[in-house]
Amino acid sequence: MNKDTLDFAEAILNVRTSLRISQQELAADLQVSYATVNRWENRRTVPNKMTLNVIKHYCHRNHLEFDYKPDKDGC
C-alpha cells in the first residue's frame, strides 16, 4: 500500500461523510459502481485521471474541498 492510496481513501471518505451520504449514493452521483467506491475507501484502488476530474468537479459543485493530490506519475 502506498501513501497516495491512503490519502485518496481518506479524501473520498471525507467527501462522503461531509455530504452525509452512503457509498451507494456517492457511486450513483459519480456514475460508478458501489463496488468501486468501496474499493477506493478500502484502499484497494485509486481512480484514473478522468474519474479524478469528475470527483473534483463533483466536490466543487457541492462546495467541498478535495484534498487528494496524485503523485507526479498520476497515481
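Biologist: Which residues does Phe66 touch, not counting residues up to four places away in sequence?

Modeller: A contact means heavy atoms within 4.5 Å. On that basis, Phe66 touches Phe8, Ala11, Ile12, Val15, Leu52, Ile55, Lys56 and Cys59, once residues up to four places away in sequence are set aside. Before we go on: this is a predicted model, in which local features need pLDDT of at least 70 and side-chain atom pairs count only at pLDDT 80 or more, while totals for chains, interfaces and linings use all residues. Residues are numbered from 1 along each chain as its sequence is written, and side-chain values use heavy atoms, with hydrogens and water left out.

Biologist: Which residues of the largest nonpolar core touch the most other members?

Modeller: Such a core is a set of buried Ala, Val, Leu, Ile, Met, Phe, Trp, Tyr and Cys residues joined through side-chain atoms within 4.5 Å. Buried means under 20% relative accessible area, exposed over 50%, and partly exposed in between (1.4 Å probe, protein chains only). The largest core here has 16 residues, and Phe8, Ile12, Leu26, Trp40, Ile55 and Phe66 touch the most other members. Two or more residues of this core come from each of helix H1 (3-19), H2, helix H3 (34-41) and helix H4 (49-61).

Biologist: How many helices and strands does the chain have?

Modeller: Helices (H or I, at least four residues) and strands (E, at least two) are DSSP runs, numbered from the N terminus. This chain has four helices and zero strands, in the order α-α-α-α from the N terminus on. Of its 75 residues, 36% are buried. Among contacts between residues at least 6 apart in sequence, 59% join residues at least 24 apart.

Biologist: Which residues of H2 are buried?

Modeller: In H2, Gln23, Leu26, Ala27 and Leu30 are buried. They lie on the same side of H2, because they cover an arc of only 100 degrees around the axis; the arc is taken from the directions from the helix axis to the C-beta atoms. The face turned away from the buried side of H2 carries the exposed residues Gln24 and Ala28. Just after H2, Gln31 takes a positive phi of about 60 degrees.

Biologist: What is Gln23 in contact with, leaving aside its neighbours within four places in sequence?

Modeller: Helix H2 spans residues 23-30 and includes Gln23, which has a relative accessible area of 13%. With those neighbours left aside, Gln23 is in contact with Arg16, Tyr34, Val37, Asn38 and Glu41. The side chains of Gln23 and Asn38 also make a polar contact of 3.2 Å. That term covers a pair of N or O atoms within 3.5 Å; within protein, one must be able to donate a hydrogen and the other to accept it, and residues adjacent in sequence count only if both atoms are side-chain atoms.

Biologist: How many salt bridges does a search of the whole structure find?

Modeller: A salt bridge is a side-chain nitrogen of Lys or Arg within 4 Å of a carboxyl oxygen of Asp or Glu. The search finds two. One joins Glu41 and Arg16, with the closest N and O atoms 2.6 Å apart. This pair links distant parts of the chain, Glu41 in helix H3 and Arg16 in helix H1, 25 residues apart.

Biologist: Are Glu41 and Arg16 buried or exposed?

Modeller: Glu41 counts as buried at 12% relative accessibility, and Arg16 is buried at 14%. A salt bridge also joins the side chains of Glu10 and Arg43 (4.0 Å, N to O). Glu10 in helix H1 and Arg43 in the loop between H3 and H4 are 33 residues apart. Glu10 is partly exposed at 39%, as is Arg43 at 29%.
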